[in-house]
Every structure is written in structure tokens, then in C-alpha cells.
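Reader: Please take me through the terms applied to this structure, and set each value against its definition.

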Amino acid sequence: MGMTPDRPLAGIGHNGGPESDGLSWRRHCWRSARAALVPHLPIEIVRGRVRRARELGLDYKTYASVRAATGHDVVAFLFSSNALRVPGADAGLGRIGQAGRIGLAVAPLTPAALSAAQPLLEASHAAPRPWGRFGEIRAALRAAHAGHPAEGVVLVGDAPFEPEWVVAGRLGYYLPAARIFAQGL
């Protein structure tokens with residue numbers, strides 16, 4: 001091995017193999033890590049998850065994202081009243097089955113008014129204040145999803161302050177309303 005201007009002579013113990021800092025090495029490491037991350041699921045499990053996604057009214061990609069992020073199945077959806085104003089929300093609520101459907105009435109809307117406007121909701125509760133204190137948000141969300149394990153609850157929202165509610169309430173996942181209520185699912 002000769003000396004080049006940009007690379008010094010290899011030292012004792014160097015086997016003369018390829019450099020480990022090049023693009024091809026990084027590509028190999030990325031592919032190996034990605035292959036180890038993605039589990040090899042039996043086809044029966046994949047079919048069952050496709051069926052479950054259909055029951056929930058979700059496309060498989062969305063359902064798989066939720067499963068991968070939480071490690072749990074979806075047991076309930078919390079819908080903010082902001083999300084329920086998105087076009088297609090009525091039809092989207094009708095597609096959701098085999099999971100709880102709970103409304104969060106963002107002030108000035110009341111839980112009773114939200115329940116009257118959306119009869120497909122099983123229950124409605126007052127939503128936390130926008131950008132409220134962490135403890136207040138957690139308490140409001142715990143009251144809303146009572147009876148459902150938090151890690152299996154998906155929050156569906158449409159306001160910039162709602163994604164942080166997932167962390168405060170220790171919920172499983174956040175979905176933008178446009179993604180869950182998209183036409184053609």
C-alpha cells in the first residue's frame with residue numbers, strides 16, 4: 001500500500017481492506033440497520049393487521065405507523081372538535097368501528113353541544129385549554145379516555161397546540177384530521 005496525499009500509509013495490523021468511511025460503507029450500514037429494524041412478520045399476522053386497519057377505518061400504512069410507534073393496538077380515538085370540522089369528518093366517523101369514539105369539545109363549544117352535533121361519538125368531554133399547563137392537560141385527557149388504556153388511544157386533531165396533548169396525556173399517537181378523514185379509504 002502506497003502513500004497518497006490524502007491518506008497516510010496504513011499501520012501495523014491493517015489488512016488492506018476497504019475504507020470504512022466511504023459512501024458504500026454507510027449505505028451498507030443503513031441497509032443492515034433497516035433490515036434489522038423491520039420485523040419479518042408471518043403472512044397471517046399481516047393479514048390480520050390489514051383486517052384490523054379496515055375495521056378501524058384506517059388505511060394500512062397509517063395503522064402500521066401507529067402499531068410501530070406504540071407497540072399497541074388502537075382501542076379508542078379522541079377527536080378534538082377542531083378535527084371534526086374538517087371536510088369528510090362525518091363520513092370518516094361512520095367508517096370507524098371496533099374502537100371507542102370520544103369527542104373533546106374545545107372551548108367555547110360544550111361537550112353537550114358536541115354530542116348533539118356528532119351522534120356517532122360515544123361520549124364527549126371538555127378539551128384541555130390550548131397551551132394549558134401540563135398537569136391540567138393530563139387531567140382532562142385522563143378523564144376523557146377513562147376506561148381505555150392510554151397507550152392504545154389515538155388523538156385526532158387539527159390545531160397546532162393539539163399534538164403536545166399526546167405527550168401530556170401519555171396517549172399512544174397523534175393523527176392529523178386530514179389523514180384520518182381523507183376520502184377514498
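**Aromatic cluster, sheet and helix packing**

Author: Phe77, Phe79 and Phe181 form one aromatic cluster. The model is predicted, so local features need pLDDT of at least 70 and side-chain atom pairs count only at pLDDT 80 or more, while totals for chains, interfaces and linings use all residues. Residues are numbered from 1 along each chain as its sequence is written, and side-chain values use heavy atoms, with hydrogens and water left out.

Reader: What makes Phe77 and Phe79 an aromatic pair that is stacked?

Author: Rings of Phe, Tyr and Trp (for Trp, its six-membered ring) pair if their centres lie within 6.5 Å; planes under 30 degrees apart count as stacked, over 60 as edge-to-face and the rest as tilted. A search of the whole structure finds 4 aromatic pairs. In one of them, the centres of Phe77 and Phe79 are 5.8 Å apart and their planes 25° apart, and the pair is therefore stacked.

Reader: How do you know whether Phe79 and Phe181 are buried or exposed?

Author: Buried means under 20% relative accessible area, exposed over 50%, and partly exposed in between (1.4 Å probe, protein chains only). Phe79 has 0% relative accessibility and therefore counts as buried. Phe181, with a relative accessible area of 2%, is buried as well. Phe77 is also buried.

Reader: Which strands does strand 1 pair with, and what makes them paired?

Author: Two strands pair if DSSP finds at least two bridges between them. Strand 1 is joined to strand 4 by 4 bridges, and the two run parallel. With strand 2 (residues 100-105), strand 1 pairs in the parallel sense over 5 bridges. Ala76 stands opposite Val153 in strand 4 and opposite Gly100 in strand 2.

Reader: Why do strand 3 and strand 5 stand at the edges?

Author: The sheet is open, with 5 strands in the order 3-2-1-4-5 and parallel pairing. Strand 3 (123-126) and strand 5 each have a single partner strand, so one side of each is left without a neighbour in the sheet. For strand 5 (residues 173-176), that partner is strand 4, in the parallel sense over 4 bridges. Within this pairing, Leu155 has Tyr174 as its bridge partner.

Reader: What makes strand 4 mostly covered?

Author: In strand 4 (residues 153-157), 5 of its 5 residues are buried. In a regular strand the side chains alternate between the two faces of the sheet. In strand 4 both faces are covered, by the burial of Val153, Leu155 and Gly157 on one side and of Val154 and Val156 on the other.

Reader: Why is helix 2 called roughly perpendicular to helix 3?

Author: Axes are lines fitted to C-alpha atoms, for helices over the stretch in contact, and angles run from 0 to 180 degrees between N-to-C directions. The axes of helix 2 (residues 43-56) and helix 3 (residues 60-70) come within 9 Å and cross at roughly 105°. Angles under 35 degrees count as roughly parallel, over 145 as roughly antiparallel, 65 to 115 as roughly perpendicular and the rest as oblique. The crossing angle of roughly 105° therefore makes helix 2 roughly perpendicular to helix 3.

Reader: Which residues make the contact, and how do they divide?

Author: Contact means heavy atoms within 4.5 Å. Helix 2 contributes Val46, Arg49, Val50, Arg52, Ala53 and Leu56, and helix 3 contributes Tyr60, Tyr63 and Arg67. Ala, Val, Leu, Ile, Met, Phe, Trp, Tyr, Cys and Pro count as nonpolar, Asp, Glu, Lys and Arg as charged, and the others, Gly among them, as polar. The residues of this contact accordingly divide into 6 nonpolar, no polar and 3 charged.

Reader: How do you know that Leu56 is buried?

Author: Its relative accessible area is 0%, so Leu56 falls within the buried class. Leaving aside neighbours within four places in sequence, Leu56 is in contact with residues including Tyr63, Phe77 and Ile96.
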